[in-house]
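Open the model in your viewer and follow the stops below.

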Amino acid sequence: MPATDSRPAHYTGLIDRYRERLPVTDATPVISLNEGDTPLIRLENIPRELGTDVDIFVKYEGLNPTASFKDRGMTMAVSKAAEEGARAIVCASTGNTSASAAAYAARAGMTAFVLIPEGKIPMGKLAQAIAHGAVVLQIKGNFDDGMRLVKEVAGEAPVAIVNSINPFRLQGQKTAAFEIVEALGRAPDYHCIPVGNAGNISGYWIGYSEACGHNTASCTLCHGQCPYLDNPLTDTRPVMVGYQADGAAPFMRDEPVLEPETLATAIRIGNPQSWDLAHAAVNESGGWFDEVSDDELLATQAMLARQEGVFCEPASAVSLCGALRDVRTGRIPAGSLVTCTLTGHGLKDPDIAIRGQRAVQTVNADLQSVKAAILAHI
Ligand code: AN7
């Protein structure tokens, strides 16, 4: 901010926060909604009930401006698109990318075109795309069909792709790892994360690698110029663990899944674009991929909301769901420090959250009835 600007200083988003660690210059217009700086919350009740001394934190990315982690990548992708003079952006999406693209395009005065799978994105996410004025193209196909079409149409029309195949997306997303290392004063021992298109796990690995001054094959932009090289924040990197829904688990099948199916619609993806980068993250860190069922992930979503007061969307619960299982079996050993990314807010998909939950009670509007209803629960 220029010295002549007398407006009050405030947090202005992750490009300003991490400017020297991102591929931006003074010529880059910053398109920001003050994304990033999300809470890292220590779980108290769940580990106690589990009887474990594993220290588990959740990075609550649902508290970004459009309520998912996508805003970290989108501020970079849209700022760089603006720098290059783009007037329009395009993405395929299971819902969160489209919500974020729509908001940042609105901020930049651009048009967002979003391709979503027909009938497979929750109302909250659809409402966001519509509210921000995106052109919503509902395709008769799944996310993977949309991704293929986006790549094809970008060659035929003046639109910049803002899916995570755009390397600036991963540069923005790597900042979540910086925040975690800064908050803990060290890297975690294990980082657990849901995997769909596999951009986020790749972004975190770039971030953790940079934070400890490591160069990594995954780092597609720095090429040996990692920004913390001379001044690392820490000297370790976590083991990276990627979890998928079992009906959409190409990393477990070791090949694309043609008809991915899961209630966690955000990760209903069969042909992840960052296949090699995600493998590099897991292999270089000594980590693994695993899968969880829809029943398991929904149970974890409910448990987290009821026992810790943290409401995330179903796809986000996959990270904690897998982590808790690995803590129970000892694959994540006693005494470990574990972080789990909660990628999106539970309000994105309220229908799924109240499915099968105790019904709302209707009572008469008199003291007697309300008192009786309360005492019945005490
Ligand atoms: C809540 O919005 O791909 O492995 O098009 O919304 O980086 O793809 C969403 C992905 C996890 C998986 N959790 O992250 C999209 C989209 C939530 C998500 C993922 C997504 P990646």
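**Stop one: helix α12**

Select residues 294–308. This is α12, with 15 residues reaching 21 Å from first C-alpha to last, close to the 21 Å expected at 1.5 Å a residue. The model is predicted: local features need pLDDT of at least 70, side-chain atom pairs count only at pLDDT 80 or more, and totals for chains, interfaces and linings use all residues. Numbering runs from 1 along each chain as its sequence is written, and side-chain values use heavy atoms, without hydrogens and water.

Now show side chains. D294, L297, L298, T300, Q301, L304 and E308 are buried (under 20% relative accessible area, 1.4 Å probe, protein chains only). They sit on the same side of α12 because they cover an arc of only 155° around the axis. Turn to the face away from that buried side: D295 and R306 are exposed there (over 50%).

What covers the buried residues? The cover includes α2, β8, β9, α13, β10 and α14. Next, select G309, which follows α12 and has a positive phi, near 75°.

**Stop two: the cavities**

The structure holds two cavities of 30 Å³ or more. On a 1 Å grid over the protein atoms alone, a cavity is a set of points where a 1.4 Å probe fits but cannot get out; lining residues have an atom within 4 Å of a point.

Select F69, K70, N197, A266 and I267. Of the 26 residues lining the largest cavity, these lie nearest its centre. Its volume is about 320 Å³. The largest share of the lining, three residues, comes from α9.

Finish at the second largest cavity, about 40 Å³. Its lining includes P122, K125, E313 and D349.

Terms used:
On a 1 Å grid over the protein atoms alone, a cavity is a set of points where a 1.4 Å probe fits but cannot get out, and a pocket is an open set with protein on both sides within 12 Å along at least five of seven lines; lining residues have an atom within 4 Å of a point. Grid points are joined across faces, edges and corners, and a volume is the space filled by probe spheres set on the points. Helices (H or I, at least four residues) and strands (E, at least two) are DSSP runs, numbered from the N terminus. The expected span of a helix is 1.5 Å times one less than its number of residues. The arc is that of the directions from the helix axis to the C-beta atoms. Contact means heavy atoms within 4.5 Å.
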